Amino acid sequence: MSTDLWTYRPAAELVGRELDLIGVQGRLEDPSVRLITLTGPGGVGKSRLAAEAAAGVAELFPGGIHSVDLPACLDLESVLKSVDKTVRDITERTLLLLDGVEHVAGELAMTLARHLGDTPLLTVLATGQEILRIYGECVLPVSALPPPGELLEADVADVQDNPAVQLFVRCGRRANPAFALTPENVGAVVDICNLLEGIPLVLELAARRLRLYPPQELLGWLRRGGDSHLPGPVDVPERQRSTLAIAEWSCHGLNGPQRSLLARLALFQGGLTLATAEKVSPLGPAETAVALETMLDRGLLTLQEHPRADSRLTMPRTVRAYGLALLEEAGPERALAARQAHARHYRRLLPALEGRFQGSEQQRWLRVAVAEHDNVLAALRHLEDEDATYEKAPGDGGRARADRAAALLERAALVTACLQPWLVRGALKEGLRWFDATGQALKGAEWGERAEDEEWLRTRARLYCGGGVLAAALGDHDGAAYRHRRAVALYKRLRDPQAAALPSARLGHALFRCGERPEGQALLSASLVTLDAHGDTAGSAEAAAALAEVLLAAGETKQARTMLDRVGRIQRQNGAVRDLARTVHLGARLCLYEGDDSGARSALKESIGLYESIGERTELPAALEMFALLILGQPGQPQRAARLLAAAGALRSRTGVGAERERQDRLRAAVEELRRRLGGAVFATAWVEGLRLRPEAMAAEALAAVEPGRGEEGAESVALTPRQLQVALLVADGMTNRQIAQHLDIAEWTVVNHVRNVMRKLGCGSRVQIAWAVGRSR
């Protein structure tokens, strides 16, 4: 048996590819499978996986294992000659490895199909970013290693088994033997693995820089685009010697128009919808469809499906860097035109969506807008740069001022349209900066007569009002009062009492929060009358909810209840999910004031569910904290309360939303009580579990709480099926879903369903709780 496998090994051992390796080798062991193609974007490790799989089953191929590095061949003729020479005179089962078929797939396919038909003892294992499209071809996608994802507070124990982190750490130790994953650098390592999207070759190239930079500095260098030219080893194929080389090879063969489209799409951060790609494409509809399909086939684009929003096209970081380089090579005029088209798309999109953030489809459109957060910020930065260009432009001062004024108004329209998405996402400080900076630009004295235009004054008023809402969400009620007062003053200059009514109500609420309760209540009451008189139901509901909060603080619970019931009906009818969640949350406070714990619990669960339905992050921490305080004394719930308090605190830290001083005192007391009741070790475990919860899992943790009288002890007595008990015991032993699936010889999705049912029956919210519950019951 002869073997001429390539010897390049980008890592000492495969990391995170155990199941992929089993899958490839299983198919190689099957004589009926004659052609296997590993596909995936550049740098994901297709060649490495193919070589490892082939080496593991070498004894099955007495005719030998032969490899052809197609990119190393000079031309198509030499490719075909190499394949013909290898296949000639086969007398025993032989494996042919074809590495890098993507750019010759069409020409090679017919020749290879003929060889497979004429030579029954031939098996082919190919790698490439495109498939061969030969009848009987077994296609195995190879994806990047899963990165750890966004974590509110990274922990070494939580991420050390993540495949992307494992690979980065191992490669980092080879570059710098002193490097280790520590509590001090784990956050930077997680961010690096997320930034580089888990692409193995890019992770390895980045880890080599650890001999020069500590992780935090390496992260900053990568964010500034340093990874676009990361150098690699000299003893590897040229296409793998840098991240730029990976991208250049991946894009080889795209024609000029397709490259132009790639450059346009590279401007979109965090992906874009198919409809957006079609709108910004410089090509015709038919050419755009062909180009997108080509890019999807080659892994230059990936279509990610989202259950609650439109699917999005995403581009690997390496390809995106190459696309941006193409854009710059096209010249400053074309690059500027492309960025203007990107900004123009979002200047139109967000204001068009703004009216839908309050209707019956609020959930859908808010999620659409939140998904575009990174792109909106890129558009705003472009508009900010454009404003600076206008400001410095020589020539006709009047014309320059007019152009700059029009650009500022467009920027202001985009900023104000982002208010609800920024509140939902929790991007409060960032949003407030844009509101204030844009308002300041509009305020300048150099605008002369234009500064008194109605459109100008209304735009400034909207910016002040939106900034006040964000300041209030951050807990800066003095800042909120200042901004709302300025908005009211501008509307008064316009003699528009209807427009001034809502900012007046918000000013009254801010004054109440600042301790000026009589003034705040009077202003709220007057604003509510005005809003009702003008038929502004949404504004009236907001003002009434704020007034109900003031009445509750004054102990006037009956009036507060009547008002909240009315507000809730209006908001349910209007489909105002976020406003309704806040109203129900306030209703829970009213229930607690009246001693109705059951009503408070029910209201909080509804509120938390509503918040999660739109992915809300600003108001969620307060609801989680109130729920934790409500259940901490309930049998079987102290650990859940500790997890919720930890999760809420971590989310507050991320969004910058501070708790009121009175609540801070209650929360500190609750934490101390939980530490005493649970003991140091159990409390610490529950607290760490809470810190590790992702935002989308926080609501699920609260909603999983069993009702009083049906505590977790009672839940544990619910009989598990034999298979569920088997799965629960393996979870308790620390096995992952994949390991359990292999151990029991069942599908991984079946394991997922069993784990969910076990959690439901045992009243558990995590795998650690399953282990604890099963261990206690045994």
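Let me start at one spot: helix α7 is followed by Glu 197, and the phi of Glu 197 is positive, near 60 degrees. Helices here are DSSP runs of H or I with at least four residues, strands are E runs of at least two, and both are numbered from the N terminus.

Before going on, the ground rules. This is a predicted model, where local features need pLDDT of at least 70, side-chain atom pairs count only at pLDDT 80 or more, and totals for chains, interfaces and linings use all residues. Residues are numbered from 1 along each chain as its sequence is written, and side-chain values use heavy atoms, with hydrogens and water left out.

Back to α7. The helix covers residues 186–195. Which of its residues are buried? They are Val 186, Ala 188, Val 189, Val 190, Ile 192 and Cys 193. Buried means under 20% relative accessible area, exposed means over 50%, and partly exposed is in between, with a 1.4 Å probe and protein chains only. And what covers the buried residues of α7? The cover includes α5 (156–159), α6 (163–175), α8 (200–207) and α9 (215–223).

Now the positive phi values. Most residues other than glycine have a negative phi. Arg 133 is not a glycine, yet has a positive phi of about 60 degrees. Arg 133 sits in the loop between β4 (122–128) and β5 (138–141). At 54% relative accessibility, Arg 133 is exposed. Arg 495 also has a positive phi, near 55 degrees. Its place is the loop between α22 (477–493) and α23 (497–513). Arg 495 is exposed, at 76% relative accessibility.

Next, the whole protein. How many helices and strands does the protein have? There are 38 helices and eight strands. The radius of gyration is 30 Å, close to the 28 Å that the globule rule gives for 778 residues, so the protein is as compact as a globular protein of that length. That radius is taken over C-alpha atoms, and the rule is 2.2 Å times the number of residues to the power 0.38. The C-alpha trace spans about 95 × 80 × 50 Å along its principal axes. Of the 778 residues, 54% count as buried.

Contacts next. A contact means heavy atoms within 4.5 Å. Take the contacts with a separation of 6 or more: residues 24 or more positions apart account for 72% of them.

On to salt bridges. The rule: a side-chain nitrogen of Lys or Arg within 4 Å of a carboxyl oxygen of Asp or Glu. By that rule the count is 35. Here are some of them.

Arg 48 pairs with Glu 52, with the closest N and O atoms 2.5 Å apart. Both lie in helix α2 (residues 46–56), four residues apart, about one turn of the helix. An α-helix has 3.6 residues a turn, so residues three or four places apart point the same way. Arg 48 is buried, at 7% relative accessible area. Glu 52 is partly exposed, at 28%.

Then Arg 339 and Glu 328. Their side chains meet in a salt bridge, 3.1 Å from N to O. Arg 339 is in helix α15 (residues 332–354) and Glu 328 in helix α14 (residues 317–329), so the pair ties together parts that are 11 residues apart in sequence. Arg 339 is partly exposed, with 29% relative accessible area. Glu 328 is partly exposed too, at 45%.

Salt bridges link Arg 513, Glu 549, Arg 589 and Glu 660.

Last stop, Glu 619. This residue lies in the loop between α28 (597–613) and α29 (620–631). Glu 619 is buried, at 18% relative accessible area. What does Glu 619 contact, leaving aside neighbours within four places in sequence? The contacts are Arg 578, Arg 582 and Tyr 611.
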